[in-house]
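User: Hello! I am new to this structure and would like to learn how to read it, one feature after another. Could you guide me through it?

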Amino acid sequence: MMSNSEQKRVQSVILPPDKVMHKLVSLAKRRGFIFPSSEIYEGLSSCFDYGPLGSELKKNIKELWWNSMTRRHQNIVGIDASIMMNPRVWEASGHVSSFNDPMIDDKTTKRRYRADHLIENHIEKLRRDGKEADTLRVQGTYEAAGGAKDSNRALYELIVAEGIKAQDTGSGDWTEVRQFNLMFQCNMGAVADTASIVYLRPETAQGIFVNFHNVRESSRMKVPFGIAQIGKAFRNEIVKGNFIFRMVEFEQMEMQYFVKPGTQGEAFEAWREERFNWYTNSLGITREKLHWYKHDKLAHYADLAYDIKFEFPFGIEEIEGIHSRTDFDLKQHQEFSGKNMEYIDQLTNERYLPYVVETSAGCDRLFLALLADAYTEDTVDGEERVVLRLSPKVAPVKAAVLPLMKKGGMGEAALKLRDELATDFLVQYDDAGSIGKRYRRQDEIGTPFCITVDHQSLEENTVTVRYRDTAVQERIDISRVREFLGAKLV
Ligand code: GAP
């Protein structure tokens, strides 16, 4: 809780949401969180590289997720499956036949668009313009088109009838709508023919399903139990922008929880609660910016699905899906592989295919949500600053050690302290520029604590600790710094 005098020192600045994304992208590049991929060759659409600070922040997110899943739960273990799998996996899962997006091309500009996105943007515009009757009419036709026997044709007809144009070019010289499979294909081995096609996995989940018995047997797991995994997934999506929100290569943090049929409802509710609380309690995301969304239209494998959505500066969008996947996947793999995927309860001798509750979070989206939630501009004692109010647990740099001056022994003492702390924490040493400038550099990357070594430090073995959010300082004994940081990071 800030006292009145502290509140007076720090005055927040209200930022319009449309400005925040622009500022975030610029900060992310300037300070080494995220770079465009292969930038010196003009980049590659929707691919990004995590820089020195970005890779630390991402590692912290993954570690917090991994620990909250595997360490906290005695009945959840982790795996790290390969990205490429036998292509039959993707036939069994339904991805080869139905992991498609409806695409439409503009014959004049040669650009490709998602037909459903064109229509949804059009409906949104009608709604914004206050054309209520038109909104309802187009919405109704769109919903009917989705269920139509030839939905491609129905989507095409709606786009043409409404005169929908591409937002970026204003052109509307449309081809027919076609279904486009989102999986990336590559050829394995020396000969590139259809028999050698393998896919880059579009989700990590299938690596867990096919290892159900391997994990169960090797780890002596009894239902209910879970398998967790963090890994790359690839989807050949048409991307609308919004920085790292939607990428073709991204990382998922998924957990499949295997339960006895009939108990999935209870497990689903428990996971729903736990996952929502993780965002606020472990990551410090603002609760008011998180929302539940219940799916009315369910994927072919699910009997219940909710999304956790976050209020990004560009709209409220999904960061995690919680799905009750029934026994669909194990049943499909049983059928396609010819291997029995049943579980035998040792106590009752009952045999069944377990049902699955899945929690599936996107690491990169969460990264963006954390940055957007943390980005703040304020003034400290009248001086403007940018500050990332990241929770100390996710902040890439935990503390900066700053000598008030490099000379007079302060530089050496600060370096010594940095080296001592570096065995446990990511700590930066900085002696360049005024102390105020150095504080600002650390505020901007979310470093929660600045530890200053001054004249008094050399005489009394004390340092000052400055808190990022309040700019308040306190003096503590040098010997207590490690303990202080440790306590702030649990
Ligand atoms: N196994 C279930 C599954 O993959 P999903 O809803 O398609 O479900 C789960 O994906 C999460 O993965 C999403 O909530 C999102 O955070 C992330 N995700 C999906 N596609 C993405 C993309 N193209 N770029 C970044 N993250 C993505």
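User: Leaving aside its neighbours within four places in sequence, which residues is methionine 253 in contact with?

Analyst: Welcome! Please keep in mind that this is a predicted model. With sequence neighbours within four places left out, methionine 253 is in contact with Ile61, Lys62, Trp65, Gln229, Ile230, Trp278, Thr359, Ser360, Ala361, Cys363 and Leu366.

User: What is the largest nonpolar core, and which of its residues touch the most other members?

Analyst: The general idea comes first. In soluble globular proteins, nonpolar side chains tend to be buried together. Here, the largest nonpolar core has 61 residues, and the ones touching the most other members are Phe33, Met253, Tyr279, Leu283, Leu366 and Phe367. Helix H13 (residues 363-374) supplies the largest share of this core, with nine residues. Another core, of 19 residues, lies apart from it and includes Leu118, Leu126, Ala166 and Trp174.

User: Let me stay with helix H13 for a moment. Is aspartate 364 buried or exposed?

Analyst: Aspartate 364 is found in helix H13. Its relative accessibility is 3%, so aspartate 364 counts as buried. Beyond its neighbours within four places in sequence, aspartate 364 is in contact with Tyr50, Lys58, Ile244, Met247, Phe250 and Glu251. Take isoleucine 244: 120 residues separate it from aspartate 364 in sequence, while the C-alpha to C-alpha distance is 6.6 Å.

User: And glutamate 288, is that one buried or exposed?

Analyst: Glutamate 288 has 59% relative accessibility and therefore counts as exposed. You will find glutamate 288 in the loop between helix H11 (264-282) and strand S12 (290-294). Glutamate 311 is 23 residues away from glutamate 288 in sequence and 8.7 Å away in space, C-alpha to C-alpha.

User: Now for helix pairs. At what angle do the axes of H7 and H8 cross?

Analyst: The axes of helix H7 (residues 132-147) and helix H8 (residues 151-161) cross at roughly 160° and come within 8 Å. On the H7 side, Val138, Thr141, Tyr142, Ala145 and Gly146 meet Ser151, Ala154, Leu155 and Leu158 of H8. The residues of this contact divide into six nonpolar, three polar and no charged.

User: Which residues of H8 are buried, and what covers them?

Analyst: In H8, the buried residues are Ser151, Asn152, Ala154, Leu155, Tyr156, Leu158 and Ile159. Their cover includes H7, helix H6 (115-128), strand S5 (100-105) and strand S7 (178-181). After H8 comes glycine 163, with a positive phi near 65°.

User: Next, strands. How do S13 and S14 pair?

Analyst: Strands of a sheet pair through backbone hydrogen bonds, either parallel or antiparallel. In this case, strand S13 (residues 304-312) and strand S14 (residues 315-326) pair in the antiparallel sense over nine bridges. A hairpin of two residues joins S13 to S14, and phenylalanine 312 stands opposite glycine 315 in S14. S14 also runs antiparallel to strand S17 (residues 355-362), with six bridges joining them.

User: What is the strand order in the open sheet of three strands?

Analyst: The order is S1-S18-S19, with antiparallel pairing. Strand S1 (10-13) and strand S19 (383-388) each have a single partner strand, so they stand at the edges and one side of each is left without a neighbour in the sheet. On average, neighbouring strands of this sheet are turned by 35° against each other, direction ignored. Helix H2 (residues 17-30) packs on the sheet, touching S18 and S19, and its direction makes about 90° with that of S18. Helix H15 (residues 435-444) also lies across S18 and S19, running at about 35° to S19.

User: Finally, why is strand S23 described as largely enclosed?

Analyst: Strand S23 (residues 462-467) has five of its six residues buried, so the rest of the structure largely encloses it. S23 is joined by four bridges to strand S22 (residues 449-453) and by five bridges to strand S24 (residues 473-477), antiparallel in the S22 pairing and in the S24 pairing. In the hairpin of S23 and S24, five residues lie between the strands, and alanine 471 takes a positive phi near 65°.

Note on methods. Residues numbered from 1 in each chain as written. Predicted model: local features only at pLDDT ≥ 70, side-chain atom pairs only at ≥ 80, totals over all residues. Heavy atoms only, no water. Axes fitted to C-alpha atoms, helices over the stretch in contact; angles between N-to-C directions. Contact = heavy atoms within 4.5 Å. Nonpolar A, V, L, I, M, F, W, Y, C, P; charged D, E, K, R; others polar. Core = buried A, V, L, I, M, F, W, Y, C linked by side-chain atoms within 4.5 Å. Buried < 20%, exposed > 50% of the residue type's maximum accessible area, 1.4 Å probe, protein only. Pairing = 2+ DSSP bridges.
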